[in-house]
Amino acid sequence: MTEPRPPDGAGAPSRPDDPTLRSLVVTVYLPALLFAVGQGAVIPVVALTATDLGATAAMATVVVALRGIGTMVFDVPAGSLVGRIGERRAMAAATALLAVALVGCILSPNAYVFAACMFVMGCGWAVWLLARLSYVSEVMPMHLRGRALSTLGGVQRIGNFIGPLVGAGAIALGGLDGAYLVHIVLAVAGWLVLVSVPDPHATSVPPHAHLPVAQVVRSHRHVFATAGVAAACLGVLRVSRIAIVPLWGERIGLDAAQVSLIFSFSSAVDMTLFYPVGLASDRFGRRAVAVPCLVLLALGFAWVPFTDSVATLAAAGVLMGIGNGLGSGIVMTLGADYAPPGARASFLGVWRLVSDVGQAGGPLVAAATIGLVGLGASSGVVAALGVAGAGIFLVALPPAHDDPEQAERT
C-alpha cells in the first residue's frame, strides 16, 4: 500500500511546468463547457423536432434514445480512433462529424433522417468525450486526478444546466432550429479554442499503443466484472430517476411545473459538489465517494414510494441530487485509474462501453420493472441495484491511494 501524497502545497515544491487544475482551464474545461451548453440546448427539443417531422410519441422516444445509443455503440471505435490518431485530431474529427449531424437535423425532411442524424451525433460525442478523458488521464498526476475529472464532470453538469436557457432564447428567435444552431456555433468555438491555444502539456502525452478489444477485455476482465458492473449500476440509477420521479409525481397529483421545480432543486445541489467531491476522492480515495454516492441515490429511490406531496418528493429528489453530486466524475476517474499507461484510449473505450450500458439500459430496466411490479416497487428494485453497486465498490475499490492495477493483480 502506498503512502498518501501530501496535501497541495506540502512536501516538495512544484515546478512551473507541473500540471495543475488551472492549466486545464482553457485547453479542457472551456471547450467542455461550450460543448455541454450546446448539448443542453439541443436535448430538450429532440422529441419536439421528431414529432414536428411526423414521428409518433413512441417513435419520438426512440429518437431521443438514439443519441445515447450512438454514443454507446461508438465507445470502442472511439477508443481505437483516439489511440491511432491522438486526442487533438480525434476531437477535430468529432467536431466535424457533430457539425454535419447538426446541419442534418436542421435540414431533415422526415423523422427517419432526423433519427439517423441523432445517432451520428451520439457517435461524435463518444469520440470527443473519450479524447478529453484520455488526455486528462495522461497529463494529470494521481494526486490531482480526482479533482481534475470531477471538475470535468461538474463543467458538463453546469453546461447542461445553462444549455436549455440559451436554447430557449435561440428558439424564441428562430424556432426549434435555433437550438441546433447554438450547438453548431458552440461546438466550432470549442474546437477553435483547442487549435488556437498552445497545449502546455503536449510533450507529456506519450504516443498511444493500440490494443485489440479482445486483449483489453481479457487483460482487465476482473476490473470490468467488478468496478465496471458497479459503474453500470450507477448509470441505471442516474437515468432511472429521470423516468421514475416524474411518473411518481404524476401519481401523487403534481403538475409538470412542480416536477420541473423538483429537478431544478436536485440539479442545483448536484452541481455544487463537484470540487469538494474531487478533493475528497484525492485525499481519502475513490471508495470514500463512490460508495456514499450509490447509497444516497438508493435511499432516495427507496424513499420515493413513501412520498405524498411536493415537499416530500422534493426531499427525496434532493437526496438523489446529493448522491449524484458525490459521483461527479467518479466513473471517469476510475477509468483513468485503471487504464494502462500507453494504451489508455483502448482501455477507456471498453470502460465507457461497460458504464454506458447502464445509462442506455436504465430506461429499459425502469420500464420492465414498472410493467412487472408497478411503479412503487420499481423504485425499490432500482434502489436495490444501487445497494448492490455500492457493495461491489466497497469490496472492489482499493483503500485510499493504493494503485488500482496493483489491487487488481493481488
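This is a predicted model: local features need pLDDT of at least 70, side-chain atom pairs count only at pLDDT 80 or more; totals for chains, interfaces and linings use all residues.
A residue counts as buried when its relative accessible area is under 20%, as exposed when it is over 50%, and as partly exposed in between, using a 1.4 Å probe and protein chains only.

Numbering starts from 1 along each chain as its sequence is written, and side-chain values use heavy atoms, leaving out hydrogens and water.

## The chain as a whole

Of its 410 residues, 52% are buried.

Now for contacts, meaning heavy atoms within 4.5 Å. Take those in the chain between residues at least 6 apart in sequence: 86% of them join residues at least 24 apart.

## Helices α6 and α7

Helix α6 covers residues 111-139 and helix α7 covers residues 142-174; their axes come within 10 Å and cross at roughly 155 degrees. That crossing makes α6 roughly antiparallel to α7. Here the axes are lines fitted to C-alpha atoms over the stretch in contact, with angles running from 0 to 180 degrees between N-to-C directions. Angles over 145 degrees count as roughly antiparallel, under 35 as roughly parallel, 65 to 115 as roughly perpendicular and the rest as oblique.

Who makes the contact? On the α6 side it's L129, L133, V136 and S137, and on the α7 side R145, A148, L149 and Q156.

## Aromatic pairs

Searching the whole structure turns up seven aromatic pairs. Rings of Phe, Tyr and Trp (its six-membered ring) pair if their centres lie within 6.5 Å; planes under 30 degrees apart are stacked, over 60 edge-to-face, and the rest tilted. W125 and W128 make an edge-to-face pair, 6.1 Å centre to centre with 65 degrees between the planes. Both sit in helix α6, three residues apart, or about one turn of the helix.

F224 and F347 have ring centres 5.3 Å apart and planes at 20 degrees, so this pair is stacked. F224 lies in helix α10 (residues 221-225) and F347 in helix α17 (residues 344-373), so the pair ties together parts 123 residues apart in sequence. F224 and F347 are both buried. Ring pairs also link F224, Y338, F347 and W351 into a cluster.

Conventions: Helices (H or I, at least four residues) and strands (E, at least two) are DSSP runs, numbered from the N terminus.
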